[in-house]
Amino acid sequence: MSTQDILLIILAGIIALLLALFQYKYKTKSALKDNALFVFLRFFAFFSVFLLLINPKFEQNSTYTEKPNLVIVADNSASISHLKQNEKELEFISQLKENQKINDKFNVEYFTFGNQLNTSDSLNFKDQQTNLNKVFRDLSEIYKNSTAPTLLISDGNQTIGSDYQFSANNYKQPIYPIILGDTITYSDLKISQLNVNKYAYLKNRFPVEAIIVYNGNETVTKNFTITQNGKAVYSKTITFSKDKSSQIINTTLPASSVGVKSYQAQIVPISTEKNKINNYKNFAVEVIDQKTKVAVVSTVLHPDLGAIKKSIESNEQREVSFLKPNEILNQPNDFQLIIIYQPNNSFKQLFEALEDQNKNKWVISGVKTDWRFLNSVSKNYNLEITSQTEDYQANLNQNYNNFIVDDIDFESFPPLKSNFGTPNFSVPYQSILNKTVSGIPTNEPLLATFEINGRREAVLFGENLWKWRSQNYLNDQSFEAFDAFIGKMVQYLASKQRKNRLIVDYNSFYNGSDKIVISAQYFNKNYEFDATENLNISLNKKDTNQKISRPLILKNNSYQVNLNGLDAGDYSFTVSSTTDKLSSSGNFKIIPFNVEQQFLNANVTKLQQVATNSKGQAYFIDNTSTLADSLLSDNRYQPILKTNKRVVPLIDWYYLLFFIALCLALEWFIRKYKGLI
């Protein structure tokens, strides 16, 4: 309670007493005994009312004991069952659950992980990827301000993500790896890595790079081959020894026909090898006839230009060229799409040529855009001309339906900078992204597309796309989602095909460990997205004629089906609607490959290093008898006595109102009884 409140309470007591004395000593002539009682009751009534008006605040302290957390993170990837450690992991977790001393001292929390961290203690060992880097990043957020020693039950083999040794250093908790897997070193020969482009061009040769690693002491000579449909297309004999434990093979293969071509690379195994699965790898290349050529026309230098080129060319089917406005005038037909970056008056002839030839284009504006010029040459949209600039963040329009747009967390992206003003369109348009200003979403378009006279156009009202690509990497440790978004923009704008009512989005081939998702959009006869339709997919495995049917589930602005778990092979499929009987068909291939089966041993060295760096201790799964005693006796993991201080205003104390009513009621009844009323 503050000094000011104390002084006010004293003053309130004096005033309450003076008012009571004035009423019953000065104004009345009744007996002294009765006056004293009435003064007493009236004083407390006045004083209580004044206290409520002053409303002093009091502190309430409550204490409680907080147990330290014990985080148990169990590996649920397929490599655990491949190394035959699944039963040992389940038995160890069961022992922890039954250890009463551990449960009494710690608040035990269970997680499992593969590609993602999950709050569960249920294990099936079917996850096809292991991302320990993401595990430690997520745990760092969850246990940022608490004591949480962590038991990591894993073989330490990671298949995706950045090196977890670095993210573990940022996790400020002791880590106790429980190492699963065989630690005996066996002679092994494997294809460690196979590098090949996803696409190749007809009548060209495409490069293949194989990195082959040998672990052993004897000298061995083995044959490395690449086969297609059982026929060898490349072969080489390689010699390995203790001193020459790896070799890099580089070759090129011909792309003689269009389509998805499957290959298998194999190094002949040693007769004593324990794991022969890692001696071969399957891969595929899609042979295409031509590239989509995109021209980026600009007179300014900006980081956006590099980001746009990187995103578009992440798909090898596309090629980007940078040109000045005067350089493209004699070759616009060489490109399927023209991207115009921050146009000014020097673009006048280009706009006239594109209008005459009815070419698709994408206009990207920014603070250096000459909007007086752009308003004069654009018949379809304009922007109010002001000298002010504004930062605009993006929010996704879930009703956009020209193509499937995945929400890549646009709201977390930095704002784009542009001229202040409201865009006005004179033709029907669809907004992909709307503007958010100062945290308030608006209906003004930030990125919009429209079609007129068979021509497709897009306009982006803002610069600094490079920041979006960088933020996407910070969010996902990958540029893939942003590059895919730009790729879909380019695919839509570079095409002149008439819009279908049923659009299906899929890849021509998938690796066996990839996430296999097919998406679709369905439109009614007015080309409005219909979220009430039932879509189904029928799959046919070509070699066995196996039939599979599954429904597509509505998710945001598209229908999706997850096909994870399908066997490797060639598939044809048909997505169909139940109302109008519309259908769309395609083909894809699943390449046989399970990355979780490539490991022979646990990664003991890295797990032990993680334990040392975090001031924990590593244990092998067969030697954990002292683990519980170590956790129970460690002075770092003691219960913490915490005090919760709460500030409570007097006005919340409703008993005081009852006390005021009681004082006034007693006074009234006594005066009534005495005949003074």
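**View 1. Trp-468 is buried, with a relative accessible area of 1%.** Buried here means under 20% relative accessible area, exposed over 50% and partly exposed in between, with a 1.4 Å probe and protein chains only. The model is predicted: local features need pLDDT of at least 70, side-chain atom pairs count only at pLDDT 80 or more, and totals for chains, interfaces and linings use all residues. Residues are numbered from 1 along each chain as its sequence is written, and side-chain values use heavy atoms, with hydrogens and water left out. Phe-413 is also buried, with a relative accessible area of 1%. Phe-413 and Trp-468 form a tilted aromatic pair, 5.6 Å centre to centre with 50 degrees between the planes. Rings of Phe, Tyr and Trp (its six-membered ring) pair if their centres lie within 6.5 Å; planes under 30 degrees apart count as stacked, over 60 as edge-to-face and the rest as tilted. Phe-413 sits in the loop between β20 (389-396) and β21 (416-419) and Trp-468 in helix α11, 55 residues apart. Helices (H or I, at least four residues) and strands (E, at least two) are DSSP runs, numbered from the N terminus.

**View 2. Tyr-263 and Phe-283 form a stacked aromatic pair.** The ring centres are 5.2 Å apart, with 15 degrees between the planes. Tyr-263 lies in strand β13 (residues 259-267) and Phe-283 in strand β14 (residues 280-288), so the pair ties together parts that are 20 residues apart in sequence. Tyr-263 counts as buried at 5% relative accessibility, and Phe-283 counts as buried at 4%.

**View 3. Helices α8 (residues 303-313) and α11 (residues 465-476) pack at an angle of about 55 degrees.** Their axes are 7 Å apart. Axes are lines fitted to C-alpha atoms, for helices over the stretch in contact, and angles run from 0 to 180 degrees between N-to-C directions. The contact (heavy atoms within 4.5 Å) is made by Pro-303, Asp-304, Ala-307, Ile-308, Lys-310 and Ser-311 of α8 and Leu-465, Trp-466 and Arg-469 of α11.

**View 4. Six strands form an open sheet in the order β4-β3-β2-β5-β6-β35, with mixed pairing.** Two strands pair if DSSP finds at least two bridges between them. The edge strands, β4 (117-118) and β35 (619-620), each pair on one side only. Strands β5 (residues 150-154) and β6 (residues 175-179) pair in the parallel sense over five bridges. Leu-151 stands opposite Tyr-176 in β6.
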